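Subject: The structure we talked about

Hi there,

Here is the structure I promised to pass on. Have a look at it first, and then read on for my notes.

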Amino acid sequence: CSCGFCGWCLKDCGNDAHSHVLTCQSKVVGAESYFGTKEQFLAAQNKKRREQVIEFLEQLSTEDQLLTLNSIKTDLEDLGIDIQNKL
């Protein structure tokens, strides 16, 4: 595959992601110019996942939010994603 993608936000950058990675808003503080640790990568991914879950839940009624949260509670806990008090 010749796809150049950002390891922080997973954006498809054509065939070279280097310039994007340098300024990617998803890159965590303390990461090197192009590379980070596994922990830094997972933190960036969890932040993105958390934002996406909250954005999705905000579109639902309160009742459906509670039902959905109950259904995905174990998954969120396994990923270390906390969305308490964000809705």
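The radius of gyration I quote here is taken over C-alpha atoms, and the globule rule I compare it with is 2.2 Å times the number of residues to the power 0.38. By that rule a compact globule of 87 residues would come out near 12 Å, but this protein has 16 Å. Please keep in mind that this is a predicted model.

Overall picture

The C-alpha atoms fill a box of roughly 45 × 25 × 20 Å along the principal axes. The protein has three helices and zero strands, so the order from the N terminus is simply α-α-α. Buried residues account for 24% of the 87 residues. If you take the contacts between residues at least 6 apart in sequence, 33% of them join residues at least 24 apart.

Helix H2 and its partner

Helix H2 covers residues 38–57, which is 20 residues. From first C-alpha to last, H2 reaches 28 Å, close to the 28 Å expected at 1.5 Å a residue. Its buried residues are Gln 40, Ala 44, Gln 45, Asn 46, Val 53, Ile 54 and Leu 57. What do the buried residues of H2 pack against? They pack against helix H3, residues 62–79.

Gln 40

Gln 40 sits in helix H2, and with a relative accessibility of 17% it counts as buried, because the cut-off for that class is under 20%. Its side chain reaches two backbone atoms: the nitrogen of Thr 37 at 2.8 Å and the oxygen of Gly 30 at 3.5 Å. Leaving aside neighbours within four places in sequence, Gln 40 is in contact with Trp 8, Val 28, Val 29, Gly 30 and Ala 31.

Lys 27

Lys 27 lies in the loop between helix H1 (18–23) and H2. Lys 27 is buried yet has no salt bridge. How far away is the nearest side chain of opposite charge? That side chain belongs to Glu 32, and it is 9.7 Å away. What the side chain of Lys 27 does reach is backbone oxygen: that of Ser 33 at 3.0 Å, and that of Val 21, which lies 3.2 Å from a polar atom of the Lys 27 side chain. Not counting residues up to four places away in sequence, Lys 27 touches Trp 8, Val 21, Leu 22, Glu 32 and Ser 33.

Salt bridges

How many salt bridges does the structure hold? There are two. In one of them, the side chains of Lys 47 and Glu 51 meet at 3.7 Å, N to O. Lys 47 and Glu 51 are four residues apart in helix H2, so about one helical turn separates them. Glu 51 counts as partly exposed, at 42% relative accessibility.

Glu 77 forms a salt bridge with Lys 73, with the closest N and O atoms 3.9 Å apart. Glu 77 and Lys 73 both lie in helix H3, four residues apart, again about one turn of the helix. Lys 73 is partly exposed, with a relative accessible area of 47%. As a reminder, an α-helix has 3.6 residues a turn, so residues three or four places apart point the same way.

Happy to hear your thoughts whenever you have time.

Best wishes

Note on methods
Residues numbered from 1 in each chain as written. Predicted model: local features only at pLDDT ≥ 70, side-chain atom pairs only at ≥ 80, totals over all residues. Heavy atoms only, no water. Helix = DSSP H or I, 4+ residues; strand = E, 2+ residues; numbered from the N terminus. Expected span 1.5 Å × (residues − 1). Buried < 20%, exposed > 50% of the residue type's maximum accessible area, 1.4 Å probe, protein only. Contact = heavy atoms within 4.5 Å. Lys, Arg positive; Asp, Glu negative; His and termini not counted. Salt bridge = Lys/Arg side-chain N within 4 Å of Asp/Glu carboxyl O. Polar contact = N/O pair within 3.5 Å; in protein donor to acceptor, adjacent residues only side chain to side chain.
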